[in-house]
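Good morning, and thank you for coming.

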Amino acid sequence: MKKSDIGLIGLAVMGENLALNMERHGWQVSVYNRTVIGIEEGVVDRFITGRGKDKNFVGFTELKDFVQSLATPRKIMMMVRAGKPVDELTDQLLPLLSPNDILIDGGNSNFEDTERRIKYVESKGMRFIGSGVSGGEEGALNGASIMPGGSVSAWSEIKPILQSIAAKADDGTPCCDWIGAGGSGHFVKMIHNGIEYGDIQLICEAYALMKNLLHLSNETIATHFERWNEGKLKSYLVEITSHILRQKEADGTYLIDKILDTAGQKGTGKWSVINSMELGMPLNLIATAVFERNLSALLDLRREASDVFKRSPSGKQFDEQTMVDQIFHTLYASKIVSYAQGFNVLKQASEQFKWQLDAASIARMWRGGCIIRSAFLDNIASAFEKSPSLSNLLLDDFFHNEIDEALPYWKQLVATATMEEISIPAFSSALNYFYSLTTRRLPANLLQAQRDYFGAHTFERIDHERGQFFHENWTGHGGNTSSGTYNA
Ligand code: 6PG
């Protein structure tokens with residue numbers, strides 16, 4: 001029997017659709033699903049006789065047979081839940097593999113786990129790829145954004161398969177390219193997800209203003225999002241928002257008004273923030289988005305607090321078009337800030353972990369297939385193509401002009417929303433980041449003085465070279481001993 005080009009393990013939503021996508025592109029695919037009696041019994045059979053019927057698939061319920069069915073060097077894509085299942089599966093597979101075989105983890109794994117797995121699998125003579133795959137069910141079937149990193153020599157061998165199943169940007173480029181060594185593929189996917197959290201929060205704030213301040217109907221709000229989707233805010237998330245707002249129940253009422261306002265999360269946003277802190281890079285907007293999900297989940301506390309503190313808006317009427325324009329510019333400028341922060345984290349990680357990430361290539365890969373796909377990723381790609389070492393996206397000429405244009409609307413909207421007591425944490429976080437970033441002298445001089453006053457933590461002086469540290473005897477009775485000057 002002809003050996004398969006690739007094997008896929010895990011026939012849940014993403015795995016099943018990726019397998020179908022591979023087969024459609026001419027690859028013979030072996031599929032395996034761990035069979036747990038009573039829970040996942042018959043998954044492989046169901047697939048082979050269902051969506052996989054009369055197609056170029058070979059199904060297995062024995063791991064050994066599955067491995068034997070693959071052409072060498074074997075390529076095995078694991079689409080199982082992140083965490084322990086990946087380690088368990090890797091341990092079951094390794095004794096069955098031959099040198100140079102390639103394991104690909106396509107789940108949302110933590111990049112540090114991926115780093116550890118690469119070392120482990122390479123120490124056994126095989127290769128390991130940690131690949132972000134974005135696009136949900138639809139992307140998996142019809143073209144995802146795929147971000148592979150890990151054992152470098154494996155790239156040329158998996159490239160034809162992965163690029164064939166990737167989405168294609170408008171210019172035809174596959175939304176899949178080599179990210180870099182180590183856990184870089186999963187790190188980039190993690191930041192993609194963090195940015196996704198930010199984009200979603202920003203859209204929610206735009207919705208809240210149109211609903212709670214302008215008192216617009218779901219239909220009208222949907223129309224505004226639809227219109228925005230034709231301009232520079234064109235993006236998948238803006239597009240689906242207008243569909244969501246129009247979705248009706250059987251009785252003609254809007255579904256959106258019945259959905260409980262409490263958000264879930266699977267962890268990649270939180271990891272983005274934890275890692276940004278480890279790298280010492282501000283990721284304010286995404287952090288705000290994660291904390292807002294946390295706050296939304298504290299439903300009982302919010303209900304109690306909203307009974308205790310009553311809102312007192314001014315009762316003013318706001319002109320719809322004027323305010324919708326302000327929201328549009330604010331959403332756009334805040335999104336620019338969010339991506340500027342996200343790309344700065346990528347830059348820092350690249351330097352720290354020696355990944356040599358190509359920011360322009362990453363932006364290009366996110367133009368199609370993934371959840372954050374949007375028109376303005378083209379502008380981001382151009383900015384980094386023009387200047388690969390750009391220190392912050394806001395300093396690029398194009399984005400500089402965009403921010404200048406948006407600023408009058410942005411600050412007016414943040415002021416109005418604040419006075420009208422509408423919560424817009426991400427819009428105002430973005431504005432404050434912009435103000436801090438562009439402030440030549442921040443009040444951190446006072447901060448350093450306080451640290452030195454209470455803990456002899458020392459400070460640098462504007463009238464001395466950087467790197468010289470001073471301690472003041474602030475009270476006259478403190479000692480002259482200062483503490484170390486290390487930074488965590
Ligand atoms: C993607 C998504 C996906 C993510 C879900 C849910 O790129 O296709 O990012 O990987 O798991 O969107 O994420 P949360 O449950 O954390 O919101």
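I begin with a definition: when I speak of domains, their bounds come from an automatic or database domain assignment. Please also keep in mind that this is a predicted model.

On that basis, the protein chain is divided into three parts: domain 1 (6-182), domain 2 (189-437) and domain 3 (443-488). Between the C-alpha centres of domain 1 and domain 3 there is a distance of 54 Å.

Where does the ligand belong in this arrangement? Domain 1 (6-182) and domain 2 (189-437) each contribute at least three residues to the shell around the ligand. The space that the ligand takes is the second largest pocket.

Let us turn to the shell itself. The ligand is surrounded by 13 residues, of which the closest are Ser134, Lys189, Glu196, Tyr197 and Arg293. Sorted by class, the shell holds 7 polar, 4 charged and 2 nonpolar residues. Which helix gives the most to this shell? That is helix α8, residues 184-212, with 5 residues.

The side chain of Tyr197 places an N or O atom 2.5 Å from an oxygen atom of the ligand. For Asn193, an N or O atom of the side chain is 2.9 Å from a ligand oxygen atom. Asn108 has a polar side-chain atom that lies 2.9 Å from an oxygen atom of the ligand. As for the ligand's surface, on its own it has 420 Å² of accessible area, and the protein covers 78% of this.

I close with the backbone. Thr72 and Pro73 are joined by a cis peptide bond, with omega at about -10°. Pro73 is found in the loop between α3 (63-68) and β4 (75-78). Asp54, a residue other than glycine, has a positive phi, near 60°. The loop that contains Asp54 runs between α2 (43-49) and β3 (57-60).

Methods
Residues are numbered from 1 along each chain as its sequence is written. This is a predicted model: local features need pLDDT of at least 70, side-chain atom pairs count only at pLDDT 80 or more; totals for chains, interfaces and linings use all residues. Side-chain values use heavy atoms; hydrogens and water are left out. A residue is near a molecule or strand if one of its heavy atoms lies within 4 Å of it. A polar contact is a pair of N or O atoms within 3.5 Å; within protein, one must be able to donate a hydrogen and the other to accept it, and residues adjacent in sequence count only if both atoms are side-chain atoms. Accessible areas come from the Shrake-Rupley method with a 1.4 Å probe; for residues, only the protein chains shown count as cover. On a 1 Å grid over the protein atoms alone, a cavity is a set of points where a 1.4 Å probe fits but cannot get out, and a pocket is an open set with protein on both sides within 12 Å along at least five of seven lines; lining residues have an atom within 4 Å of a point. A molecule sits in a cavity or pocket if more than half of its atoms lie within 2 Å of its grid points. Helices (H or I, at least four residues) and strands (E, at least two) are DSSP runs, numbered from the N terminus. Ala, Val, Leu, Ile, Met, Phe, Trp, Tyr, Cys and Pro count as nonpolar, Asp, Glu, Lys and Arg as charged, and the others, Gly among them, as polar.
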